[in-house]
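Colleague: Please take a close look at one part of this model for me. I would like the side of one chain that meets its partner, with whatever surrounds it.

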Amino acid sequence: MIRTPVIRIAANAASDEAFLGQLGVKDRLVAVGGRVSFDDAVRQGVIDGRIGQIGYNWHAPPNLDVLLAVRPDVFLMRLSDLAQTPVLDRARRLGLTVVPTFAEDEPTYLGRAEWIRLHGLLTGREAEADRLFAQIDMRVQALKTAVAARPAVPMLWAYPAGGDRWVATVRGAEQAYLADAGGLNLLLRPEDPRQWSSETLSTEQILPVAAKAEAWIIGDLHAAPPRSTTIERVSPAFRDGRLFANTGRSNLSANAYDWYQTVFVRPDWVLADFVKALHPELVAEPFRFLKAVDRGVYR
Amino acid sequence: MRSLAVGLGLAAVLVIVSLASLMIGQVMLSAGDVVAGLGSIGSGSMESRIVVDLRLPRVLAAVIGGAALGLAGLLMQTLFRNPLADAWSLGLMAGGQFGAALVIVAGAIVGPGFLMILTGFAGLGVVVGSVLGTLGVALAMSAMARRVGTVTLLVLGLMLGFLAQGLISVLLHFTNRSQGRIFAAWNDATFANVVWSDFVTLGPLLALGLLGAVVLAKPLTALLLGDVYAESLGVNVHRLRRLVLGATILLAAPVTAFCGPVAFVGLIVPHLARGLIGSARIGALIPATALIGAVLALAADLVVHLPWEQHFLHLNAILALIGAPLVILLLLRSRSLRGGEG
């Protein structure tokens, strides 16, 4: 049983920080994964020691010592690795109230965002969460309707990953952004929930489709700039300067990236960015998560 | 006669593996496609781009890189009279890794513009850092070579390697995800990073290293029988050590810089060469070592680039799969290395 509204919250996923931030209750965080929150106030709280560090879900199981010390009303625990399941049981046996979260694992981007209702329920902001999600849904549908009549733009979402390797988005929620924004992903694969949304491909595999790509999400914070310029020479996206990176909201010096936080909560903003990249006449607002990059820039 | 036969046989294998490397990949090409690609340089055809722009520089890098690392291992094993000596055990590779990590961290602090200024274009900063790191360790080794014996020098090399690895871990702790990814991409080791313009740097340096190995072959053969014997033949052992270290750096540092820290080639190739040639004479071992190194590196690169469905193997993983059993076999079969047995 969880007594709501919860006042002291611990979370080991950056996305849960963003959900709470959107509901205006980020000040209830008493422990987060670590020091790389994109939110300056949360990050500073961790640095100052006012907010505990329990380790990010993608890095390590949560630190139970810290959790016991900060005494949260609820611990939002993302289980990105099933090997962390024993820690979940142990935390519960220690008397911690743990709510496993799987927002980042949802197969659709609206499904991810809808988790805000859980955060609203827990924090006593249920009406605000419902209103926000309805607003997000409405904007998404409006954007999809706006691009429906436009011809699809052949494109790629692939970044260089060192050597002759590229990581390409081929399916899943990320691919859905491309389709819903009026893009034709040249590396589209059949949906399969057992497979990752991205695949690692060689330059040789990218080369034939690169010649057809009119727009390209080429920059990523994990990109390692390629030494070969072969791809750059064949793609219309490079010739026409329609290159974008998903690092629009990054704080390199803090090692903080909103792509791992607010993106999960505000798919309407993300979709608007993709629509702006592919059909710029449809979106007047500035880019948030995406940004235009120059040839040779991959971040 | 045996050397010639072995050399011709290895050269034939090298040609076959090279052709296979040009044909086999995620995009399969026929021999005709390869010939057409080679014959239409600059045409912009897909075959030409795949063969000339992507595969040929990779194949050439594997051939000369494997040969150079094999020779570097031969020089080290001869100098230290230790069958497990190579650029790794001397800390040269770790020095290169440390230099690369240092440049990446500096880039993270100063900004990407720093790398542009340092190198002329982005991406080469890691190469420059690697060369400087390798040189740093090599200079330290060279300075110590005057004061200590060969076994002690080998131990010192190992310690420098551990020190560099520790420093790398500390440095990487302070990088962001982008910078960490750049280091990982280089550190994964691949010949696919090499582009045509790199051969302007790689070619002369490796040629100088090869020349050094050839010139030093005779005194190194004398050194096999011990310092005292070599000195009795007029060899200045201290000077020889420094020259051999210099040649090793010329052979190993450029390859490490452009291709990342390629493992095992330097360690196992000299043993294979000795086994095939049946002689310890360095002059006879040099061609065989170079050819075996080229074949091994190219074969491992070919395995990496086989059209595996959605899987990418790492070069060092393949080399470890080949190299580790060979080294284990070597240890078990060699009476001197086994130790503890009558």
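Modeller: For chain B, an unreviewed UniProt entry lists "transmembrane region" at residues 55-75, 87-109, 115-139, 151-174, 194-217, 243-268, 280-300 and 312-332. UniProt positions are given here in the numbering used for this model, feature names are shortened, and annotations may be inferred rather than shown by experiment. This is a predicted model: local features need pLDDT of at least 70, side-chain atom pairs count only at pLDDT 80 or more, and totals for chains, interfaces and linings use all residues. Residues are numbered from 1 along each chain as its sequence is written, while chains are lettered from A and ligands numbered from 1 in the order in which they are written.

Take two of those spans. Residues 55-75 of chain B are 100% helix and 0% strand, with end C-alpha atoms 30 Å apart. Residues 280-300 of chain B are 90% helix and 0% strand, and their end C-alpha atoms lie 26 Å apart. Helices (H or I, at least four residues) and strands (E, at least two) are DSSP runs, numbered from the N terminus.

Now the meeting side. Chain B puts 24 residues in contact with 26 residues of chain A (C-beta atoms, placed from the backbone, within 7 Å). On the chain B side, the elements giving two or more residues are α3 (46-80) and α8 (177-187). The largest share, 6 residues, comes from α8(B). By class, this side of chain B has 11 nonpolar, 8 polar and 5 charged residues. Here Ala, Val, Leu, Ile, Met, Phe, Trp, Tyr, Cys and Pro count as nonpolar, Asp, Glu, Lys and Arg as charged, and the others, Gly among them, as polar.

Next, the partner. Chain A is divided into domain 1 (9-107) and domain 2 (150-292); the bounds come from an automatic or database domain assignment. The C-alpha centres of these two domains of chain A lie 29 Å apart. Between them, 13 residues of domain 1 are in contact with 15 residues of domain 2. Helix α1 (residues 14-22) of chain A gives the most to the domain 1 side, with 6 residues. That domain 1 side divides into 7 nonpolar, 3 polar and 3 charged residues.

One residue of chain A to finish. A:Pro100 is found in strand β5 (residues 98-101) of chain A. Leaving aside neighbours within four places in sequence, A:Pro100 is in contact with A:Met77, A:Leu79 and A:Leu88. A:Pro100 counts as exposed because it has 12 C-beta neighbours inside 10 Å.

How values were computed. Contact = placed C-beta atoms within 7 Å. Buried ≥ 20, exposed ≤ 12 C-beta atoms within 10 Å, placed from the backbone.
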